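Please open the structure in your viewer and keep the selection panel at hand.

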Amino acid sequence: MSDLQPEWLAQVRDVLETLNQGVIIADECPRLVYANTLFQEMVGKTSDELVGQHVEAFFPPEDVPFLLSRIGFRQLHGQDRFEFYLPQASGGRLPVVIAARQLEDPEGRVYAIVTFTDIAEQKNAELELRQANLLLEAREREIEEDLKLAARVQHSLAPKSLAWPTASVETYYQAARTIGGDYGLVTPGDDFLTLLVCDVSGHGIGSALVANRIYTETVSLIESGSRLTPMLQHLNQFVMHSLGNSFMYFTLAAARLSRDGRSLEFTAAGHPPAMILRPGQSPRFLESGSSILGCFSDAVAQDSAVNIPVEAGERIMLYTDGFTENFNARGEMLGVAGLAEIAREASNMPLPAMKQQILDRVAAWRKGPAADDMSLILMEVL
């Protein structure tokens, strides 16, 4: 036994050798008076190389002030615990948790028993986790940029307000998330003006992708001069055959105003009723003649479209259920009736003001932000 080692060490040496932690005992100087075998393995040095050395001699000069401050803390409080490292003979640094406790032997000499718990695996796991998080954050930023681009593209496809020889149109579109499953069309032609709103089930990326695919097909059908009922039949079959495993359905409402502004063709499938409004009068509802699309091959009735005479001053409103399925603080849903009352009261305003009044009052009714995509088309017959 070294002259530095106290006599009582012989009584605890065997116990210290069985621990799964590195252990040293230091005197007041502080010099190492003992290091168990595991500690020797941790630093890559023998007992002869360690015993008698001052503790701070094992660490580079820049870390000695911190180490001395921890020793001072232990001397003041009797114990200490902190994360640090052990310098290794190979030049490496082994991350450890250091726990120190101060004791006084029967002869009044003060020693510190210090344990070192190897946390290299934990630190490696933390490093790998941080690196994985950095990769995830980078990927998330890429996705956010992609979503922003997709949102800009989707907004560029949203219906635009316009003036036609026999009609004026105001529109609104807002996705509940960055991108959504609603789309609308305002398409002037040589013989008629076509208005359309569509609502694909669900929200987010999946709905947006399906909506954009249906949008492209719808534009092609309108440009080819398709009638409304055959257009709905084609879209229904298109989604069932091309997107049959998407588990999504969609609803749609379409109106077509003749060039002279006196006849309106209308059809809808599983969609909230469109409204015809005149100032001071209750709205006239235009109900769906077909069921939801994308699920049933016979969803579209052969006589689903109706022709309605219209007059100057009448207004037609198409919208998605993001306007009706709004709940106030008492849990009451606005519903079709509530939206119809808002539209009726606003129907004596200029068309742009009417649109804004509807948006403001729906927002005032709703508790919190919109939970669903919102599309609106207002047309005034001139």
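What follows is a tour of a predicted model, from the whole chain to single residues.

**The whole chain**

Begin with the protein chain in cartoon form, in which nine helices and 16 strands are present. The C-alpha trace spans about 115 × 40 × 35 Å along its principal axes. The radius of gyration of the chain is 38 Å, whereas a compact globule of 382 residues would have one near 21 Å. Of the 382 residues, 46% count as buried. Among contacts between residues at least 6 apart in sequence, 61% join residues at least 24 apart.

**The largest nonpolar core**

Next, select Tyr183, Met231, Phe250 and Leu252, and show their side chains. These residues touch the most other members of the largest nonpolar core, which has 25 residues. To see where this core is drawn from, colour β8 (182-188), β9 (192-200), α6 (204-223), α7 (228-242) and β10 (250-258), each of which gives two or more residues to it. In soluble globular proteins, nonpolar side chains tend to be buried together.

Now centre the view on Phe250. Which residues does phenylalanine 250 touch, not counting residues up to four places away in sequence? They are Cys198, Asp199, Val200, Ile214, Leu235, Asn236, Val239, Ile292, Leu293 and Gly294.

**The second largest pocket**

Stay with Phe250, which also belongs to the lining of the second largest pocket, together with Asp199, Val200, Ser201, Gly202, His203, Tyr249, Thr251, Gly270, Pro272, Asp321 and Asp372. The volume of this pocket is about 150 Å³. Both β9 and β10 supply at least two residues of its lining. When coloured by class, the lining shows four nonpolar, five polar and three charged residues.

**The second core and the largest pocket**

Move to Val43, Leu67, Ile71 and Phe116, which are among the 24 residues of a second, separate core. The largest pocket has a volume of about 340 Å³. Its lining divides into 20 nonpolar residues, one polar residue and four charged residues. To trace the surrounding elements, select β1 (22-26), α2 (37-43), α4 (64-77), β3 (79-87), β4 (93-104) and β5 (110-118); each supplies at least two residues of the lining.

**A cis peptide bond**

From β1, follow the chain towards β2 (32-35); proline 30 lies in the loop between these strands. Display the backbone here: cysteine 29 and proline 30 are joined by a cis peptide bond, with omega about -5°. Most peptide bonds are trans.

**Two loop residues**

Two further selections lie in loops. Is threonine 324 buried or exposed? Its place is in the loop between β15 (315-319) and α8 (335-346), and it counts as buried because its relative accessible area is 5%, under the cut-off of 20%. Leaving aside neighbours within four places in sequence, threonine 324 is in contact with Tyr319, Met333, Leu334, Gly335, Val336 and Leu339.

Finally, select aspartate 303, found in the loop between β13 (284-286) and β14 (306-309). Aspartate 303 counts as exposed because its relative accessible area is 63%, over the cut-off of 50%.

Notes: Residues numbered from 1 in each chain as written. Predicted model: local features only at pLDDT ≥ 70, side-chain atom pairs only at ≥ 80, totals over all residues. Heavy atoms only, no water. Core = buried A, V, L, I, M, F, W, Y, C linked by side-chain atoms within 4.5 Å. Buried < 20%, exposed > 50% of the residue type's maximum accessible area, 1.4 Å probe, protein only. Helix = DSSP H or I, 4+ residues; strand = E, 2+ residues; numbered from the N terminus. Contact = heavy atoms within 4.5 Å. 1 Å grid on protein atoms, 1.4 Å probe; cavity = no way out; pocket = protein on both sides within 12 Å on 5 of 7 lines; lining within 4 Å. Points joined across faces, edges and corners; volume = space filled by probe spheres on them. Nonpolar A, V, L, I, M, F, W, Y, C, P; charged D, E, K, R; others polar. Rg over C-alpha atoms; globule rule 2.2 N^0.38 Å.
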